Amino acid sequence: MKVVALILIFSLSLSAEYKVGIFLGKEKAAQHKAQMDYPFGVGFDSKGNMYIVEYDGSCLNVLDASGKFTRLGGNGTRDYAVDNGPVKEALFNGLHNVIIDDQDNVYITDTFNHLLRKYDPVSQTISNYVGSKKGFKGDGGPALQTAWNNLYSAAWNKGKSKIYIADLKNNRVRCLDVASGIINTVAGNGKKGIPKDGADALKSPLMNPRAVGVDSKGNVYIADRAGHALRKLTPDGRIYTVVNKKGKKGRALGNGVDAQLVGPKYVAVDADDRVWVADDENHRICLYDPQTRQLTSVIGKDSKLSNWKLKRPHGVTIHTDGSIYVVDSGNDRVLKLNKLP
């Protein structure tokens, strides 16, 4: 009982370190107003523009540094249109997340079109960057000749020389070497199952990898959706379960391997190599600390900030200034968490 109490106190004190506000949404209290239909992911460029993708709305939007919200592409229908053409004529099918390179090009995962697409804000054009069709093929070859089965989320490594991509229904995590343009699988053997700790990641099953995040040491964290778990792929190609080793649904916090998630949808790694998890079906944002190996709830259910009623959050973005942006999808808004001094 003492251990449980200490874990709860730790969780509540951690959550209390943040001030929360509605950054973007339709509510009166929102800092910036916008009508969105199930937003899923956001990303920031070097000029302070925030790009937002809507899942149900099937749109790519931007909130520029002056506070103006603009729809760049998509018309609310799920379809596909435009490769190497105007973004305003583009159509999408299941947008999930946003990553941005050092030249401010914007990459979006167009899940059910099985593509990673690239938006050039200078020419205002969009093109296919990774993928060609549904299936599985292309490892060891060019990115545009690969096939995927629900390309969900993508993440940079520290130097932005690689993009890691969750290939959900192929039960694989794959990696693009940006310089060569070559794709290879780094985790998953295509089968569905719970991997054994310390096993060769390429010979191990996965449980629908939904999202990835990379720390400063090159560890890749995987939100394994159907396994309700957080897994870690180490640079030597081994895989470990760090949250919810048994893989059962639940809300338990504390020691990572015994803690629980339900359908985690996104991961993001902060400057201290802590892993933020969108615990979608538990309606909370959790934080896994590799140093303490503890899982805590920061906002939403089971946290000190439980008065913020999250509804199926799908995105977490760490800004370079240290602030945290939470995409509260079911409430059609983006929250901003600032750490208190």
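The protein has one helix and 30 strands. Helices here are DSSP runs of H or I with at least four residues, strands are runs of E with at least two, and both are numbered from the N terminus. With a radius of gyration of 19 Å, close to the 20 Å that the globule rule gives for 341 residues, the protein is as compact as a globular protein of that length. That radius is taken over C-alpha atoms, and the globule rule is 2.2 Å times the number of residues to the power 0.38.

A quick word on what you're looking at: this is a predicted model, in which local features need pLDDT of at least 70 and side-chain atom pairs count only at pLDDT 80 or more, while totals for chains, interfaces and linings use all residues. Residues are numbered from 1 along each chain as its sequence is written, and side-chain values use heavy atoms, with hydrogens and water left out.

**The whole protein**

The C-alpha trace spans about 60 × 50 × 30 Å along its principal axes. Of the 341 residues, 58% are buried; that word means under 20% relative accessible area, with exposed meaning over 50% and partly exposed in between (1.4 Å probe, protein chains only).

Now for contacts, meaning heavy atoms within 4.5 Å. Among those between residues at least 6 apart in sequence, 43% join residues at least 24 apart. As for charge, there are 48 positive and 35 negative side chains, and the centres of the two sets lie 6 Å apart. Lys and Arg count as positive, Asp and Glu as negative, and His and the chain ends are not counted; each charge is placed at NZ of Lys, CZ of Arg, CG of Asp or CD of Glu.

**Strand β29 and its two partners**

Let's start with strand β29, residues 324-328. Five of its five residues are buried, so the strand is largely enclosed by the rest of the structure. Ile 324, Val 326 and Asp 328 point one way from β29, Tyr 325 and Val 327 point the other way, and all are buried.

Two strands count as paired if DSSP finds at least two bridges between them. β29 pairs in the antiparallel sense with β28 (residues 315-318) over four bridges, and Gly 315 has Val 327 of β29 as its bridge partner. With β30 (residues 333-339), β29 again pairs in the antiparallel sense, over five bridges; here Ile 324 has Leu 337 of β30 as its bridge partner.

Strand β10 (residues 115-120) pairs antiparallel with β9 over five bridges, and Thr 109 stands opposite Leu 116 of β10. Five bridges also join β10 to β11 (residues 125-130), and these two run antiparallel. In that pairing, Arg 117 stands opposite Asn 128 in β11.

The loop between β10 and β11 holds Val 122. At 78% relative accessibility, Val 122 counts as exposed.

**Positive phi in the turns**

Here are the hairpin turns that carry a positive phi:

| Hairpin | Residues between strands | Residue and phi |
|---|---|---|
| β9 and β10 | four residues | His 114, near 60 degrees |
| β10 and β11 | four residues | Gln 124, near 55 degrees |
| β28 and β29 | five residues | Gly 322, about 95 degrees |
| β29 and β30 | four residues | Asp 332, near 55 degrees |

Two aspartates in loops deserve a look too. Asp 104, in the loop between β8 (95-100) and β9 (106-110), has a positive phi near 70 degrees. Is Asp 104 buried or exposed? At 5% relative accessibility, Asp 104 counts as buried. Asp 273 sits in the loop between β24 and β25 (275-279) and has a positive phi of about 65 degrees although it is not a glycine. Asp 273 is buried, with a relative accessible area of 9%.

**An open sheet**

Five strands make up an open sheet with antiparallel pairing, in the order β23-β27-β26-β25-β24. β23 (254-255) and β24 (266-269) stand at the edges with a single partner strand each, so one side of each is left without a neighbour in the sheet. Within the sheet, six bridges join β26 (residues 284-289) to β27 (residues 294-300), and Leu 287 stands opposite Thr 296 in β27.
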